[in-house]
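Welcome! Please take a moment with the sequence and the 3D view, and then let us walk through a few places together.

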Amino acid sequence: MITTERTILRPWRDEDLDAFAAMLADPEVQADAGGPVDRDAAAAKMARYRAAHDRLGYTRWVVTDHAGAFLGYVGIMPIDTWHPRSPNVEIGWRLTRGSWGFGIATEAARASLIDGFTRCGLDEVLSYTAPDNHRSQAVMRKLGLQREETLDFTSTHEGQSWSGLVWVARPGGFRP
């Protein structure tokens with residue numbers, strides 16, 4: 001568990017599924033991720049995050065406020081083997097719409113990066129997003145990640161084409 005000034009990052013629990021599925025069913029929250037997903041897809045994603053934590057000690061953590069309200073997720077995961085930036089790890093985030101605009105993603109991502117570099121011994125973490133996802137790009141800039149245009153990509157997976165702009169975090173090379 002990681003605690004910040006306003007958030008708690010913790011492993012997933014069975015009781016997180018309802019809030020997680022509701023977040024992933026929100027078309028606005030999922031606008032950059034191919035659209036809303038159903039409860040079964042949310043459960044599969046949550047199982048993948050739990051398995052990563054069990055296997056690696058890091059994951060996309062559940063983010064709550066100090067009272068325990070679900071705010072979304074933030075954390076580091078291995079990049080899928082089909083992805084053009086594999087093998088690497090990537091930090092990502094997705095928050096409930098009500099959590100947008102308060103700096104929660106930046107605060108939680110910073111804590112996750114510090115944990116990844118110090119406790120987990122990672123030496124580089126990528127972050128990528130669609131060219132039109134200005135909110136995530138703003139988080140990357142606030143974190144002090146370095147833009148690496150040479151790593152930008154366009155990929156097709158399961159019939160979907162997607163382009164990503166890439167940033168890189170290294171120990172001591174972002175704003176802790």
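Thr-129 lies in strand S6, which covers residues 125-129. Please keep in mind that this model is predicted. Thr-129 has a relative accessible area of 2%, so it counts as buried, the cut-off being under 20%.

## Val-74 in strand S4

Now turn to strand S4, residues 70-78, where you will find Val-74. Its relative accessibility is 0%, so Val-74 is buried.

Ser-112 is 38 residues away from Val-74 along the chain, yet 7.3 Å separates their C-alpha atoms. Ser-112 is also one of the contacts of Val-74 when neighbours within four places in sequence are set aside; others include Leu-9, Trp-61, Trp-93 and Ala-108.

## The nonpolar cores

The largest nonpolar core has 28 residues, and the members that touch the most others are Ile-76, Trp-93, Leu-113 and Val-125. Two or more residues come from each of strands S3 (60-65), S4, S5 (89-95) and S9 (160-169), and from helices H3 (104-118) and H4 (134-143). Helix H3 contributes the most, with seven residues.

Looking past residues up to four places away in sequence, Ile-76 touches Tyr-58, Ile-91, Leu-113 and Val-125, among others. There is also a second, separate core of 15 residues, including Ala-21, Met-23, Val-29 and Val-62.

Definitions and conventions
Residues are numbered from 1 along each chain as its sequence is written. This is a predicted model: local features need pLDDT of at least 70, side-chain atom pairs count only at pLDDT 80 or more; totals for chains, interfaces and linings use all residues. Side-chain values use heavy atoms; hydrogens and water are left out. Helices (H or I, at least four residues) and strands (E, at least two) are DSSP runs, numbered from the N terminus. Buried means under 20% relative accessible area, exposed over 50%, partly exposed in between (1.4 Å probe, protein chains only). Contact means heavy atoms within 4.5 Å. A nonpolar core is a set of buried Ala, Val, Leu, Ile, Met, Phe, Trp, Tyr and Cys residues joined through side-chain atoms within 4.5 Å.
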